[in-house]
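Subject: Structure handover

Hello,

Please find the structure below. My notes on it follow.

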Amino acid sequence: MDSSSADGARLPPSRAGSRLCVRCGERKAALKRPKTLEQVSPICRECFYVVFEDEIHQTIVDNTLFKAGERVAIGASGGKDSTVLAYVLSELNRRHNYGLDLFLLSVDEGITGYRDDSLETVKRNEIQYGLPLKIVSYKDLYGWTMDDIVKAIGLKNNCTFCGVFRRQALDRGAALLKADKIVTGHNADDIAETVLLNILRGDIARLSRCTFITTGEDGPIPRCKPFKYTYEKEIVIYPLYEISHISVCIYSPNAYRGFAREFIKDLERMRPRAILDIIKSGENFRISTTTRMPEQGTCERCGYISSQKLCKACVLLDGLNRGLPKLGIGRTKAGPGADGDGKQRAKGSERNTSSLQGKHGNFDF
Amino acid sequence: MHLTLEFGGGLELLLENSTKVHKVEVPPQDGENMVTMKGLLSWVKANLIKERPEMFVKGDSVRPGVLALINDCDWELCGGLDAELEEKDVVVFISTLHGG
């Protein structure tokens, strides 16, 4: 793609630092911010920190994400998003007197060489930001580590297991901590991607939920996403001086997400606003009131919220424990008899009463 | 030209021994007397990247989702592909395309 004309006005490219920050007008600009309505750009590093934090504060205030006195569990993976979230939230809590009781909550999936490192990051955060840390492990909760699961099923669908298990693990950990709320580091890119994936999957139920900044308000522990409008690019740049401590999941290159993600990044390069535009589109979807939506009940086995008799985690666990690890994964390639389309469908329809339910994807937000 | 290159966010996995920091000597491209980002990218692709170059470059630019900083400055502000590098510049590449 031709990037030379993206800025139009200045054709002979100038060297770093020849433009001044539009906010302070004094220091050299260091960052071009994604073009959104009020964002100032280009901006110097010092002003960027101030504006970045202010925007998140504004999101928290505008959406009344918290009430004073709440115990808030920060879902902490040791990755960039949750690390930045933990830091920014503890700063804002202090600076603006939110009155929140903040905790770090980590899930140990049991991935050798990944969680080991990232749990070290979380432990460092515990000390640096003075936030108590609680770790719950897949091994404790489900009897399987991710390494065991990958051994059993290979690299193809492992992210499904990981995602489903993690969601429950966070809830169980948060309940243990008696948290009133869980915050996660999902950013604008994540949400735009989820909107697209839910459209591609035809998953209307999740499409309508996935752009909410707070979900599960009717459940025991609501979740919110203070980074809903925060670009991944800026989250990566924010802690640059300690980027080397940030871990990469060694199994993630096989994630289905990759394809939609790459599309989002292509769009962003052509038109940075595209990410916010997709979120906006997702928010503005209106579902006809006559559409029958899957009813949310609870899992017969573990009591976790579920629209089916058994929750996804219990179905996946069943498969693992019975030596049929592909049970409960997707609609196709259910096993050696992938030709059994009719069989699949029959199985699907006995389980699902609503036509929507069979279309559920594997990811949950 | 002496440059310091840093790779992060998983890009280091594409390089020999997953080394993050590389001090390198980059020659100007044919017919030019300076090193531009465009030239640097093709040099990196030819000389440093050991596997899956598509994780790093797409066309003649970095793959969307890979950030580039020249001396801590967003490369988009420095002229992008046409940015001219100077002796002892530090260029950082970070992929945002990973879990987190």
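UniProt positions are given here in the numbering used for this structure, feature names are shortened, and annotations may be inferred rather than shown by experiment. The model is predicted, with local features needing pLDDT of at least 70 and side-chain atom pairs counting only at pLDDT 80 or more, while totals for chains, interfaces and linings use all residues. Residues are numbered from 1 along each chain as its sequence is written, and side-chain values use heavy atoms, without hydrogens and water.

Chain A: for residues 297-327, an unreviewed UniProt entry lists "domain: Cytoplasmic tRNA 2-thiolation protein 1 C-terminal". That stretch of chain A is 32% helix and 13% strand (DSSP runs: helices H or I, at least four residues; strands E, at least two; numbered from the N terminus). Its end C-alpha atoms lie 21 Å apart.

Helix α6 (residues 158-176) of chain A packs against helix α12 (residues 312-321) of chain A at about 130 degrees, the axes being 9 Å apart. Axes are lines fitted to C-alpha atoms, for helices over the stretch in contact, and angles run from 0 to 180 degrees between N-to-C directions.

Chain B: it has two helices and seven strands, in the order β-β-α-β-β-β-β-α-β from the N terminus. Of its 100 residues, 54% are buried (under 20% relative accessible area, with a 1.4 Å probe and protein chains only). In chain B, 58% of the contacts with a separation of 6 or more join residues 24 or more positions apart.

Regards

How values were computed: Chains lettered and ligands numbered in written order. Buried < 20%, exposed > 50% of the residue type's maximum accessible area, 1.4 Å probe, protein only. Contact = heavy atoms within 4.5 Å.
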